[in-house]
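User: Please take a close look at one helix pairing in this model. Walk me through the contact and one residue within it.

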Amino acid sequence: MSLQPPSLAHRPKGGNAPSTKAVILVGGPSRGTRFRPLSMELPKPLFPVAGHPIIEHCFRAISKVPEIKEVFIVGYYEESVFQPFINQVSTSHPQLSVKYLREYQALGTAGGLYHFRDVILKGRPDRFFVLNADICCSFPLNDMLKLYEDKDAEAVMLGTRVASDAATNFGCIVSDAHTKRVLHYVEKPESQISNLINCGVYLFSTETIFPAIRSAIKRRTERPRLLSYPSSENLDSSFFQGDDDDEDRENPVIRLEQDVLSDIADSRQFFVLETKDFWRQIKTAGSAVPANALYLLKAFQSGDSSLAAPSANIIPPVYIHPSAHVDPTAKLGPNVSIGPRAQIGAGVRVKESIVLEDSEIKHDACVLYTIVGWHSKIGAWARVEGTPTPITNHSTSIIKNGVKVQSITILGKECGVGDEVRVQNCVCLPYKELKRDVANEVIM
């Protein structure tokens, strides 16, 4: 029997430096519905924002934490989907060992961690980061690590302030302003309790998180489940103990936010690092455009040499892939990403948009607040546009003529817009040809 105190027993042999790992949660194909029509071609975590896949922004932050040597991607996409990305990221960040852990059914954000606990705990790490892949932020992981060590914490989450009327759409944190301790946590409360919200980035002690998830699983499997039925006639049969669904009892869906975090807040060694930097979710396809703007601005402020040099026709920040062809008379920016092999013709105007690979915008066309899908073609003098919304606004839908529409126009893969055609606030599914003006529609 070891006589070491528990905190030392978990230290790796041959040194006192605590061991740290990272887990990135990517979800799976059935959850990508709000990211359609873009997720029909590519899983959301691999969608390029500011010239790099969304998940690569997580890796760039992780690589700045010297203690992290091992990263796990947890999701229920097939392994082959992420293999090319893992090969690429292993080359660009050789100090990191990257593995994909596949769930064979949706287990929830906490259920997936618990399912793979033996792999995560191999080598006895003291703590590990958990990052949701569908967020855009500067990921101040080293600051979280410092707070964790300063406070001798068991858990740290990243928080940010949002407008009070938007806060109830997120997990809300009540914290002690002086000590930064989390006093109370509620996921999407019905009434407003705080405008400090959960950013979906965590640092957990291995000795705290797994017992907390185990308790949540125990609670879930012991209590009856309520099935929802469309009619009250079935109310009597809507309760059942779950015994006839053994698989569900073994693998219930357990979510960090709804099932685990409020319990950890009660243990009182839970702290919040409030970031003053940018943050937003990438839930809908349209939200990739403000995320693109935030990442480009950050890259521009940090002097990233991969951005296009400012000029009379380049209003920074703009990212142009080296293989793209942009006519010198085209005017781009601000907040524009041009993908591989894209063709931008003479006199074209592109602003606040993502132009994906192999697409073509012919001369004198105008593209604003739009995502141009792979291999799509926009004709000469065409105008494809969305509606500007404030970057601080966390919704990407607006009301037009009493109907909710996307503020960003999205052309799916291989869409065509005819010469002189105007497209406004539309979502266009793949392989559609637009030969007349359209506004506020979903084109299927």
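**A helix pair and its aspartate**

Analyst: Aspartate 259 touches Ala216, Arg219, Arg220, Val253 and Ile254, leaving aside residues up to four places away in sequence; contact means heavy atoms within 4.5 Å. The model is predicted, so local features need pLDDT of at least 70 and side-chain atom pairs pLDDT 80 or more, while totals for chains, interfaces and linings use all residues. Residues are numbered from 1 along each chain as its sequence is written, and side-chain values use heavy atoms, without hydrogens and water.

Aspartate 259 sits in helix α9. Helices here are DSSP runs of H or I, at least four residues, numbered from the N terminus. Aspartate 259 counts as buried because its relative accessibility is 11% (buried means under 20% relative accessible area, with a 1.4 Å probe and protein chains only). A polar atom of its side chain lies 2.8 Å from the backbone nitrogen of arginine 255.

Now the pairing. Helix α7 (residues 206–222) packs on helix α9 (residues 256–266) at about 120 degrees, and their axes are 9 Å apart. Axes are lines fitted to C-alpha atoms over the stretch in contact, and angles run from 0 to 180 degrees between N-to-C directions.

From α7, the contact uses Thr208, Ile209, Ala212, Ile213, Ala216, Arg219 and Arg220. From α9 come Leu256, Asp259, Val260, Asp263 and Ile264. By class, the contact has seven nonpolar, one polar and four charged residues. Ala, Val, Leu, Ile, Met, Phe, Trp, Tyr, Cys and Pro count as nonpolar, Asp, Glu, Lys and Arg as charged, and the others as polar.

Key:
Helices (H or I, at least four residues) and strands (E, at least two) are DSSP runs, numbered from the N terminus. Buried means under 20% relative accessible area, exposed over 50%, partly exposed in between (1.4 Å probe, protein chains only). A polar contact is a pair of N or O atoms within 3.5 Å; within protein, one must be able to donate a hydrogen and the other to accept it, and residues adjacent in sequence count only if both atoms are side-chain atoms.
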